[in-house]
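Colleague: I am new to this structure and would like to learn how to read it. Could you take me through it step by step, with the general idea before each case?

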Amino acid sequence: MSDGAVNSRALQVGIRYERVRVEKELAALEVELAQIQGICSHPSPVKINKGNTGNYDRSADSYWRECACPGCGKKWTEDQ
Ligand SMILES: [Zn+2]
C-alpha cells in the first residue's frame, strides 16, 4: 500500500468520525431550538408574583407574574 492510499484511508475515517460528531451536535441543537421556539409545554414553570403598588394614582398599580421554565430556561411574564 502506498503512503498516499494510507493517508486517504485515514482521511476517510476522520471524515466519518467528524460527521457523526457534527450530526450528534446538530440533533442536540435542534432539541434546544424546539424548546426556545416554545414547543416545550413548560409543565411546571416557577412563578413569582410581582407588583407595582403604592402609586398616588391607584389605577396605575399593576400586578404581574414572572415565570421561568426550569426545563428549557424560557422566561416570560403574565398578568395576575
Ligand atoms: Zn419550557
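Modeller: Let us begin with pairing: two strands count as paired if DSSP finds at least two bridges between them. What you see is a predicted model, and in this model S1 and strand S2, which covers residues 62–68, pair in the antiparallel sense over 7 bridges. One of the positions to look at is glycine 51, whose bridge partner in S2 is tyrosine 63.

Colleague: In what order do the 3 strands form the sheet?

Modeller: Strands of a sheet pair through backbone hydrogen bonds, either in parallel or in antiparallel fashion. Here the order is S1-S2-S3 in an open sheet, and the pairing is antiparallel. Because S1 and strand S3 (75–79) each have a single partner strand, they stand at the edges, and one side of each is left without a neighbour in the sheet. On average, neighbouring strands of this sheet are turned by 25 degrees against each other, with direction ignored.

Colleague: What pattern does the protein follow when read along the sequence?

Modeller: The pattern is α-β-β-β, in keeping with a count of 1 helix and 3 strands. The domain assignment gives domain 1 as 1–39 and domain 2 as 42–80, and the C-alpha centres of these two domains lie 43 Å apart.

Colleague: How does the radius of gyration of the protein stand against that of a compact globule of 80 residues?

Modeller: A compact globule of 80 residues would have a value near 12 Å, whereas the protein has 26 Å. The C-alpha atoms, taken along the principal axes, fill a box of roughly 90 × 25 × 15 Å, and buried residues make up 0% of the 80 residues.

Colleague: Where does histidine 42 lie, and why does histidine 42 count as partly exposed?

Modeller: Histidine 42 is found in the loop between helix H1 (3–36) and strand S1 (46–52). A residue is partly exposed when its count of C-beta neighbours falls between the exposed limit of 12 or fewer and the buried limit of 20 or more; histidine 42 has 16 inside 10 Å, and therefore counts as partly exposed. Although histidine 42 is not a glycine, its phi is positive, at about 45 degrees.

Colleague: Which residues does cysteine 69 touch, leaving out those up to four places away in sequence?

Modeller: Cysteine 69, in the loop between S2 and S3, touches Cys40, His42, Pro45 and Lys74. The C-alpha atoms of cysteine 69 and serine 41 are separated by 9.2 Å, with the two residues 28 residues apart along the chain. Cysteine 69 counts as partly exposed because it has 18 C-beta neighbours inside 10 Å.

Methods
Residues are numbered from 1 along each chain as its sequence is written. This is a predicted model: local features need pLDDT of at least 70, side-chain atom pairs count only at pLDDT 80 or more; totals for chains, interfaces and linings use all residues. Domain bounds come from an automatic or database domain assignment. Helices (H or I, at least four residues) and strands (E, at least two) are DSSP runs, numbered from the N terminus. Axes are lines fitted to C-alpha atoms, for helices over the stretch in contact, and angles run from 0 to 180 degrees between N-to-C directions. Two residues are in contact if their C-beta atoms, placed from the backbone, lie within 7 Å. The radius of gyration is taken over C-alpha atoms; the globule rule is 2.2 Å times the number of residues to the power 0.38.
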